[in-house]
Structures are given as C-alpha cells and as structure tokens.
Amino acid sequence: MKIVILDGYTENPGDLSWDGFRAVGETVVYDRTEESEILNRIGDAEIVITNKTPLSRETLKKASGVRYIGMLATGYNVVDIVAAKEQGIIVCNIPTYGTDAVAQFVFALLLEIAHHVQHHSDAVKAGRWTSCPDFCFWDYPLIELAGKTMGIIGYGRIGQATARIARGFGMNVIAFDEFKNPQFSDVYVTFDTLLAESDVIALHCPLFDNTKGIINKNSIAKMKDGVIIINNSRGPLIVEKDLADALNSGKVYAAGVDVVSAEPIKADNPLLTAKNCLITPHISWAPKESRQRLMEIAVDNLKKFMEGHPQNIVNG
C-alpha cells in the first residue's frame, strides 16, 4: 500500500510525526506540490493525502490507481468529489479538530483590537514610558468587552465555543444560523437583528453559495456604527472591498481577519491598506495541539478505510 502526502508542510513543519501513516503503508511525504507535479508524484499510489493541493476531474481520471483521498483539513473544495465518487474513490475530511484553537483565536484578534497590546509594548521598549510625564499613557481607545453584545453567524461547534468564551468576558451572546438547534433556542435571532444589535460580529459559518459575501455593503449598512468584525472562518464570506470602504469611513471600527478571499493574500487586496484592520496568515487552526489531533484523525480515517468501515466521508 503506497501513500503519497502531497503538501504536508503546513500540517507538520517538523514538530509532529508521520509515523502513523508509515505504520499503515509505504509513505512518501512532500512539503509542497505544484500543479504540474501532481500526477507524477501520485504515480501508482492508492492513497493520496492532501490539504490544499487540488485534485481535479482531469487529474483523478489520469490517476487511475487512487482508491482513497484523505484531507488534512476540514474543507475539501480542492477535490472534485463528484468525479472521485464516479471513479469509486472515497474522500474523507477532518470535521472536528481545532474547535478550541479557532475560538481562542477570535479573542486573540478581538483583544488586540480592544487593547493594542503589541503597539503599547513596542512603545514602552522604545522609551516612551520612561520619558512619560504621567504614570501611564495609551495611543488608542481602550475597549471593555463586558456588557457588549457578540453576534455569532454560524452556531455550530466553533460558534458555541466562541460563545462560551464571550460569556466568560461578560458579553451578551446572540446568534444566527439557518440550521437551528433547539437546545440553543434562546440565543437565536434573525440575521437583521444580529446586524443591528451586535457590537462585535464573529463569523463561524461554512462557505456555501448563500453565505458567500454575506458581509457586504448592504449588510454592513444595517450594523451599528463602530461595530467590530472578526473572521477566522472563510475569506469569501466577506466582500473585501465593501469591508475596506466601511473601515476607511469609520462605519466599522475595526476588523480582525485570519482568512481572505485568495490565499496567500494578493498584494492588491483592499484590506491591506484599510484602517484598523488586523490580518493574520490563516493560523487559527495551527497550534501544535490542534495539528496533532488533526494528524491522529487523518490516520484513523485511513485505518477505518483499510478496515472497510470508512468514516468522515464527504462524497458518500
């Protein structure tokens, strides 16, 4: 059994082990794979593991020996799952591994917006506190989260984890989700109500046709003046030009985004020059503990497939 891992670096830059896969079969690991290299690297492998390396219908048709595609991610849009199913290839993803890490990162972004910790630390090290005539100083408005309302768009596992942390800060929580869980009936509001009442809006919904561009000039117009927007879900949920315009006008006070519409970010992305916009390079998922869980689930997915009981199938 030959296993090819096409782009293993982001999952394991050297601090984890691939031994779980090696215990299943002969394993070849590539840090990155260009599109022109995909077919050659797959070769006669039966098992292909990918994160962001695309596997198109054309590629799958030519890679006739492939029986299983394992994702090193939750998202699987890089794989033509219809073509895979037609060829009898099972595709499995990692549905849950980074819930706590992603929810935690919401507040890494939000607290930086609220307190500008790095800026003030840099200012102290530059000597400004030493020469300050007062016992303290601050260069930005400082924001207390207690009593503010957090609106969460998408109230699945990550949305719920974010809500628990928000309540720990004394925030009120409201949520919008098209698929309502009766257990949380007291939290749900309409989309327009969430826009109108939230001081902070956090995006945790999946990227579907009906959620693409859900944050746009029309929805922003319905928000409170001075709202804060956090997105560490999927970049295309936001129309970036509209958010940049709202940041520059002050309608949106600040934004923190860990994802953008095209990754790596393009040099002409309007958010790069927008006011009060924090941008991080898609790292919410990346603590070692989270990546270790991902690795273990990916190996378990493959073992279950080998045993004839595949799990986490996305093209069943």
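Is Arg128 buried, partly exposed or exposed? In this predicted model, Arg128 has a relative accessible area of 38% and is therefore partly exposed. The side chain of Arg128 forms a salt bridge with that of Asp139, with an N to O distance of 2.6 Å. This pair links distant parts of the chain: both residues lie in the loop between helix H6 (117–125) and strand E6 (149–153), 11 residues apart. Asp139 likewise counts as partly exposed, at 33% relative accessibility.

## Further salt bridges

The model contains 14 salt bridges. One of them joins the side chains of Asp225 and Lys251 at 2.8 Å, N to O. Here, too, distant parts of the chain are linked: Asp225 is in the loop between helix H9 (217–221) and strand E9 (227–231), and Lys251 is in the loop between helix H10 (240–249) and strand E10 (252–257), 26 residues apart. Asp225 is exposed at 64% relative accessibility, whereas Lys251 is buried at 18%.

Within helix H1 (residues 19–22), Arg22 and Asp19 are 3 residues apart, about one turn of the helix. Their side chains meet in a salt bridge of 3.3 Å, N to O. Arg22 is partly exposed at 43%, as is Asp19 at 48%.

## The surroundings of Thr59

Thr59 belongs to helix H3 (residues 57–62). With a relative accessible area of 12%, Thr59 is buried. Its side chain makes a polar contact of 3.2 Å with the side chain of Ser56. Leaving aside residues up to four places away in sequence, Thr59 touches Ile38, Leu39 and Ile42.

Technical notes. Residues numbered from 1 in each chain as written. Predicted model: local features only at pLDDT ≥ 70, side-chain atom pairs only at ≥ 80, totals over all residues. Heavy atoms only, no water. Helix = DSSP H or I, 4+ residues; strand = E, 2+ residues; numbered from the N terminus. Buried < 20%, exposed > 50% of the residue type's maximum accessible area, 1.4 Å probe, protein only. Polar contact = N/O pair within 3.5 Å; in protein donor to acceptor, adjacent residues only side chain to side chain. Contact = heavy atoms within 4.5 Å. Salt bridge = Lys/Arg side-chain N within 4 Å of Asp/Glu carboxyl O.
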